[in-house]
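Subject: Structure handover

Hello,

Here is the structure I promised to pass on. Please open it alongside this message. My notes follow below.

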Amino acid sequence: MSDASFAINESMVPRVPIAAPGDYLALLKPRVMSLVVFTALAGLLLAPSPPHPIIGFASLLAIAVGAGASGALNMWYDADIDALMSRTRQRPIPAGRLAREEALAFGLVLAGMSVLTLGLVANWLAAALLAFTIFFYVVVYTIWLKRLTPMNIVIGGVAGALPPMVGCAAASGSLSLASFVLFAIIFIWTPPHFWALALLRSEDYGRAGVPMLPNVAGPDRTRLEILAYSILLAPIGALPYLLGFASAVYGVVAIGCGLALARLAWTVFRERRGDVATSAARRLFLFSIIYLFSLFLTLVVERLASPWFG
Amino acid sequence: MMAAQTPKGTNEKKGIVLTPEQARSRRARNIAIGLAVALFIALFYLVTIVKLGGGVARLPA
């Protein structure tokens with residue numbers, strides 16, 4: 001045998017990753033995951049029959065991991081455009097700390113385990129809904145719609161709105177009216193939230209070729225859509241009170257925050273030039289987070305406090 | 001054997017030689033996986049106890 005037969009190709013040497021556990025955690029999009037857990041908790045507590053605390057905790061953990069798996073699969077598919085946008089350039093794949101295949105494997109394993117765990121711990125309706133949520137976020141939103149249409153986040157919003165229904169199904173094995181209302185709140189909240197961000201980051205999205213509404217229909221049309229959705233959101237946000245499954249305190253919070261959000265959307269609609277317009281969009285984006293957090297926090301606190309206050 | 005036949009990061013006798021950074025990150029990943037598996041086992045243990053309820057201590061006749 002000649003020496004030549006021992007020649008080793010560099011590409012055949014296994015690649016040893018340098019990713020730290022923190023990089024894998026970043027793949028899970030912890031901030032999105034915390035919002036998912038929070039909204040799923042509200043769905044769980046509003047279910048007709050709240051579960052045993054351990055079962056509830058295990059269910060929320062499975063839902064959180066399922067949400068994280070969606071984030072990892074999103075970063076696997078979007079690594080090319082993440083590298084082009086300043087907001088996402090430091091994510092583990094574009095930064096070179098993780099290979100795309102590693103993110104894909106990580107996401108698929110977590111997705112499978114989270115669905116299986118939720119099925120075994122809670123029930124198979126909740127597991128099927130979680131699997132559908134992951135499928136919708138990864139395949140329908142990330143792979144199909146995100147690069148195709150400016151309505152990407154409107155339709156894709158379904159994935160973000162489903163966790164309260166998954167939580168409700170995990171708790172009771174069925175879907176209540178309350179879970180549909182929580183779905184509607186998040187679904188209508190999503191467009192003004194992301195379009196406010198898109199107004200601020202339109203250059204980023206344009207560079208990456210993502211057809212967000214400001215890049216396709218223009219900022220003025222986006223401002224009109226933001227206003228329309230924000231006005232629609234105010235009464236929908238108050239529905240839990242109007243339908244009788246939240247207290248008057250929630251009603252006051254929801255109506256107050258809804259009016260404030262609509263007012264900020266009006267400012268975004270009116271102010272169209274310069275720093276004033278940028279600042280209005282930023283204020284709306286930040287307040288939209290506070291809006292959703294306040295509503296769901298009130299619901300969660302009300303339910304947790306109900307054994308003491310009736 | 002010619003030196004050029006040994007790709008960067010490998011050694012003829014030892015195989016792949018990790019850089020200190022690679023070794024450090026692998027150790028951290030192993031610890032994280034170990035903790036995750038331990039938590040997973042503890043979770044399923046607790047869930048099993050809750051699901052079985054009082055029947056956990058009942059022996060079959």
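Please keep in mind that this is a predicted model.

Start with a helix pair in chain A. Helix α3 (residues 53–77) of chain A packs against helix α5 (residues 100–121) of chain A at an angle of about 155°. Their axes are 8 Å apart. Angles over 145 degrees count as roughly antiparallel, so that is how α3(A) runs relative to α5(A). The crossing of α3(A) past α5(A) is left-handed.

Domain 1 of chain A puts 29 residues into the contact, and domain 2 of chain A puts in 27 residues. Which elements of domain 1 of chain A give two or more residues to the side that touches domain 2 of chain A? They are α2 (30–45), α7 (152–161) and α8 (163–172) of chain A.

Now the core. The largest nonpolar core has 99 residues. Ala72(A), Leu118(A), Leu130(A) and Val166(A) have the most contacts inside it. Helix α9 (residues 177–200) of chain A gives the most to this core, with 14 residues. Both domains take part: at least three residues of this core come from each of domain 1 (18–174) and domain 2 (176–310) of chain A.

Leu130(A) is then in contact with Ile63(A), Gly66(A), Ser114(A), Val115(A), Leu118(A) and Val166(A).

One more residue in chain A: Gly206(A). Gly206(A) sits in helix α10 (residues 202–208) of chain A. Is Gly206(A) buried, exposed or partly exposed? Gly206(A) has 16 C-beta neighbours inside 10 Å, so it counts as partly exposed. Buried would take 20 or more, and exposed 12 or fewer. Gly206(A) and Cys257(A) are 51 residues apart in sequence. In space they are 32 Å apart, C-alpha to C-alpha.

Last, chain B. Chain B has 61 residues, and 3% of them count as buried. Its secondary structure comes to 1 helix and 2 strands. Along the sequence, the pattern of chain B is β-β-α.

Over to you.

Best wishes

Technical notes
Residues are numbered from 1 along each chain as its sequence is written. Chains are lettered from A and ligands numbered from 1 in the order in which they are written. This is a predicted model: local features need pLDDT of at least 70, side-chain atom pairs count only at pLDDT 80 or more; totals for chains, interfaces and linings use all residues. A nonpolar core is a set of buried Ala, Val, Leu, Ile, Met, Phe, Trp, Tyr and Cys residues joined through C-beta atoms within 7 Å. Helices (H or I, at least four residues) and strands (E, at least two) are DSSP runs, numbered from the N terminus. Domain bounds come from an automatic or database domain assignment. Two residues are in contact if their C-beta atoms, placed from the backbone, lie within 7 Å. Axes are lines fitted to C-alpha atoms, for helices over the stretch in contact, and angles run from 0 to 180 degrees between N-to-C directions. Angles under 35 degrees count as roughly parallel, over 145 as roughly antiparallel, 65 to 115 as roughly perpendicular and the rest as oblique. A crossing is left-handed if the near helix is turned anticlockwise from the far one by less than a right angle, and right-handed if clockwise. Lists of a residue's contacts leave out its neighbours within four places in sequence.
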